[in-house]
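Me: Hi! I'd like to go through a structure with you, a bit at a time. Could you put it up here first?

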Amino acid sequence: MKKNIRRVNTVVSFLLISIFSSQCFAQSSVSQDRNSNFQYLKKLNSVFDFVQQNYVDEIDPKVLYEGAMKGLLEAFNDPYTSYLDVSVQRDLSDTTEGRFGGVGLMISKAFESKPDKPAYVEVSSAIEDTPGAKAGIMSGDFIVEINGEDTAPMTMQDVLSHLRGKVGTPVTVTILRGKTLRFSVELVRDFIEVPTCKYAMIGKTGYVRLIQFTPDTALRLQDAIDYFKQNDYENMILDLRDNGGGLITSATNVADKFIDEGVIVSTKGRLPYQNSSYSASREKTVVRNIPVVVLINKGSASASEIVSGALKDTHVAYLVGVRSYGKGSVQQVIPLGNDEEIKLTIARYYSPSDTNIDKIGIPPDLEVPFETLSEESEKAYVKLVESNTIADYVENHPNMTEEEIASYAKELKKDYNLEERILRRLIRMRVNRYKSNVVYDLDFDIQLNAALDLLKNTKDFSSLVRSAKTLKQLQEEAKLAEEKQSEKALDEKQ
């Protein structure tokens, strides 16, 4: 037994030393020399051996090894760096392949709670046409409970295990929206097939919504553009709201359809092989001399920010909505053998103006936020959602028309102090819960309406786009303003 344990310890030590003493690591500029690194590894191995031999119960060395690996990769508090065991790889594969049993929410989670900020599950975006989206869950919402269990102490794997499951089975999530709006909804798990693109004409405006960046996204976008051309489009809206990202190559292929030349995005890491640059090709550009608006919100992340940042910095499009999420880093999955992998942040990406937006996000050129509910309206919203009033009514009145939806919203307003626009939206989602979502909702979507108004009422759109500040200019201005604010505060203190 002791020989086996020592053999496992030797393997563990070898793996750890191999990871940290690889050629790439040896070439990087580290603050500690090789001897210090070895001392830490030696100490870690000693603790591993001592725990293995002295803990009150016999422990499978694999448990200690996996715990050490998880702790190692979580130590620097990067939510995108992690140890991937077989079960996590399966979840990642399910999401990448785009088909699994779940509720259709793209989520993130802090590693640990802080005194003023519990580590609840944050919804990055709700995948269109899924149970989560049809229930009205939005980017920025927090899942505070799953089936009555607090999510703050859960690991991400615990959360995924709770949310995913057999198709047709229910799971109840409690949502926190804003600081006080809290309500519970029951979601029935379904096959989650991640779509990539939806499009339609709105008058003479070509409207296309990119839902995720997959290998097929650029092809589907081309289908949309061809359709717009057949319908003599005069301008275009590219909707990247609640698009949590995807493949960097897909993002650059999408941006290349709008940008004639120059850098689309570059990546910079500590090692030469991590540095790369993706440039536009004039031959691939298919949208020219057409006014373009890009819609973004706090659910627009990663690849969405590559595209929106590139189109903004090259003065190709005008951004409307609210500030994006702010994920400007690049990850690589590194196999360790034996069905193990680690996912490691190896670089950050930079927009054409050489600007990184990690943890900052991209501000829109025209900010159009959805208004927040008053305290009284929040109470009415919670009461309505949890009462099943709309569900019961729609059950007895299937296939409601827009006229019937509007009429019922007026009736509801007598008992619930909410805007009729919001009430119509809630009714419409319930009516369409078994149908594919409509491509757009002009009745509810104030950001889309703002984009349409901008395109309609701006006489010289190209001048407007050229006058918009690049990300570098915006960040420099913000830094200068922060410095002045600090100087002012210091002067007042003195």
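Me: What should I know about the model itself before we go on?
Reply: This is a predicted model, where local features need pLDDT of at least 70 and side-chain atom pairs count only at pLDDT 80 or more, while totals for chains, interfaces and linings use all residues. Residues are numbered from 1 along each chain as its sequence is written, and side-chain values use heavy atoms, with hydrogens and water left out.

Me: Let's do cavities. How many are there of 30 Å³ or more?
Reply: A search of the whole structure finds two. On a 1 Å grid over the protein atoms alone, a cavity is a set of points where a 1.4 Å probe fits but cannot get out; a pocket is an open set with protein on both sides within 12 Å along at least five of seven lines, and lining residues have an atom within 4 Å of a point. Grid points are joined across faces, edges and corners, and a volume is the space filled by probe spheres set on the points.

Me: Which element gives the largest share of the lining of the second largest cavity?
Reply: H10 does, with three residues. That cavity holds about 40 Å³ of space, and its lining includes Glu305, Ile306, Gly309, Tyr349 and Tyr350. Strand S18 (340-350) also supplies at least two residues. By class, the lining has six nonpolar, three polar and one charged residues. Ala, Val, Leu, Ile, Met, Phe, Trp, Tyr, Cys and Pro count as nonpolar, Asp, Glu, Lys and Arg as charged, and the others, Gly among them, as polar.

Me: And the largest cavity, what volume does that have?
Reply: About 50 Å³. S4 and S11 are the elements that give two or more residues to its lining. The lining residues divide into five nonpolar, two polar and four charged.

Me: Switching to pockets: which element gives the most to the lining of the second largest pocket?
Reply: That is H14, with six residues. The pocket has a volume of about 1500 Å³. Of the 49 residues that line it, the closest to its centre are Met138, Asp242, Phe370, Arg425 and Phe444. The lining divides into 20 nonpolar, 11 polar and 18 charged residues.

Me: Nice. Which residue is the partner of glutamate 145 in S7?
Reply: Threonine 174 is the bridge partner in S7, and in S6 glutamate 145 stands opposite aspartate 150. S5 (residues 142-146) pairs with S4 in the antiparallel sense over two bridges, and with S7 (residues 170-177), also antiparallel, over four bridges. Two strands pair if DSSP finds at least two bridges between them.

Me: What's the phi of asparagine 147 in the S5 and S6 hairpin?
Reply: Asparagine 147 takes a positive phi near 50°, and the hairpin has two residues between the strands.

Me: Last one: is phenylalanine 213 buried or exposed?
Reply: Phenylalanine 213 is buried, with a relative accessible area of 2%. This residue lies in the loop between strand S11 (205-210) and helix H8 (217-230). Not counting residues up to four places away in sequence, phenylalanine 213 touches residues including Leu240, Val254, Ala303 and Val307, where a contact means heavy atoms within 4.5 Å.

Methods:
Buried means under 20% relative accessible area, exposed over 50%, partly exposed in between (1.4 Å probe, protein chains only).
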